[in-house]
Structure formats: C-alpha cells, structure tokens
Amino acid sequence: MDDKGTMRTVREGKNGFWCMPDNPASPGPDPMCGDANAMEWAMAWVEKKDPPKGKVGFMYMLSGGTDGSNTDPYATAPTEGNNWIETGPHVMIVNAMDVMKGYPSDPKPDTSKPYVMWPGTPYAHLMIPVK
C-alpha cells in the first residue's frame, strides 16, 4: 500500500488471504495479513467509509506493530491525548461489534491482554495478544 492507500499486488495468492509488508502511515515496520473480509474492512478504514455489513474479518500481526493511537484511527504520530500504543504479536477480529462486548475499551489498555482498539468508531476491533 502506498501513502495514498493504493494497493499493488506483488504476488497473487490462492488461499483468500493477503499480506502487506508495512503500512506507510505508521512510524515503523508492521507487517500484517488477513482474510478477504478483513481487506474489505481495511479498505473502508483507509477510504474513511463504513465497513461492510455482516462481514467479520480476521487479521494477524505476528511481528507486532508500531500501531498508533488507540482512540484515533487516523492519527499519524503521538500527540497529547491520542493514546499512542505499541503492541506485540497479536491477532485481530474486525467488524464484529457484538463480539467485543465485555472486553476493555480503555484509552490506554494493557496490551498484554485482549482489548478493543479504536472503541466508539466504526473501525473498533478486538486485539488479542498471542504471547
């Protein structure tokens, strides 16, 4: 993905999953992979559109991420009050608002336990650490 959200395919896969070596909008390396529903969700986020209805997605970042704000999906750098976080290896369940009920949605979560990232936005998703 380039800095405008345009995707370029390096190698076509056959299993319905995709992988990106990095998100250029984040401050460090953060490779991620996901299923087709997660790609639809991610493109909705990039394009600032509503996520697709009824399509729960699965993503993983097994190298962790430099992420960004836990509360602002479009923050590009740490600022006062945007609750910047870094995460270790994790999986994500996206576009499953009902599944997240009962999980912490604190602005500054304990990233060693499951929590909701970007709560209160259409892009809220469940973060589940794997280490």
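Which residue in S8 does Val91 stand opposite? It is Ile128, and this pairing is a handy way into the fold. The model is a predicted one, in which local features need pLDDT of at least 70, side-chain atom pairs count only at pLDDT 80 or more, and totals for chains, interfaces and linings use all residues. Residues are numbered from 1 along each chain as its sequence is written, and side-chain values use heavy atoms, with hydrogens and water left out.

Start with the sheet. Six strands, or rather an open sheet of 6 strands, line up in the order S1-S2-S3-S6-S8-S7, with antiparallel pairing. Helices (H or I, at least four residues) and strands (E, at least two) are DSSP runs, numbered from the N terminus, and two strands pair if DSSP finds at least two bridges between them. At the edges sit strand S1 (18-20) and strand S7 (115-117), each of which pairs on one side only. From one strand to the next the twist averages 25°; axes here are lines fitted to C-alpha atoms, for helices over the stretch in contact, and angles run from 0 to 180 degrees between N-to-C directions. As for what holds such an arrangement together, strands of a sheet pair through backbone hydrogen bonds, either parallel or antiparallel.

Strand S3 (residues 57-61) is joined to strand S6 (residues 90-94) by 5 bridges, and the two run antiparallel. Within that pair, Tyr60 stands opposite Val91, while Met59 has Met92 as its bridge partner. S3 also pairs with S2 in the antiparallel sense, this time over 2 bridges, and there Tyr60 is the bridge partner of Cys33.

In S6, 4 of the 5 residues are buried, so the strand is largely enclosed by the rest of the structure.

Helix H1 (residues 36-46) touches S1, strand S2 (32-34), S3, S6 and strand S8 (125-129), and its direction makes about 85° with that of S3. Contact means heavy atoms within 4.5 Å.

Next comes the largest pocket, with a volume of about 640 Å³. On a 1 Å grid over the protein atoms alone, a pocket is an open set of points with protein on both sides within 12 Å along at least five of seven lines, and a cavity is a set where a 1.4 Å probe fits but cannot get out; lining residues have an atom within 4 Å of a point. Grid points are joined across faces, edges and corners, and a volume is the space filled by probe spheres set on the points. Of the 20 residues that line the largest pocket, Thr9, Val10, Arg11, Trp18 and Cys19 are the closest to its centre. S1 gives the most to the lining, with 3 residues. The lining divides into 9 nonpolar, 5 polar and 6 charged residues, where Ala, Val, Leu, Ile, Met, Phe, Trp, Tyr, Cys and Pro count as nonpolar, Asp, Glu, Lys and Arg as charged, and the others, Gly among them, as polar.

Asn83 sits in the loop between strand S4 (65-69) and strand S5 (84-87) and counts as buried at 13% relative accessibility. Leaving aside residues up to four places away in sequence, Asn83 touches Gly68, Ser69, Asn70, Thr71, Pro107 and Lys108. Asp110, in the loop between S6 and S7, is partly exposed at 40%. Lys48 and Trp118 can be read as a pair. Lys48, in the loop between H1 and S3, has a positive phi of about 55° although it is not a glycine, and Trp118, in the loop between S7 and S8, has a positive phi near 55°. Lys48 is exposed at 59% relative accessible area, whereas Trp118 is buried at 8%.

Notes
Buried means under 20% relative accessible area, exposed over 50%, partly exposed in between (1.4 Å probe, protein chains only).
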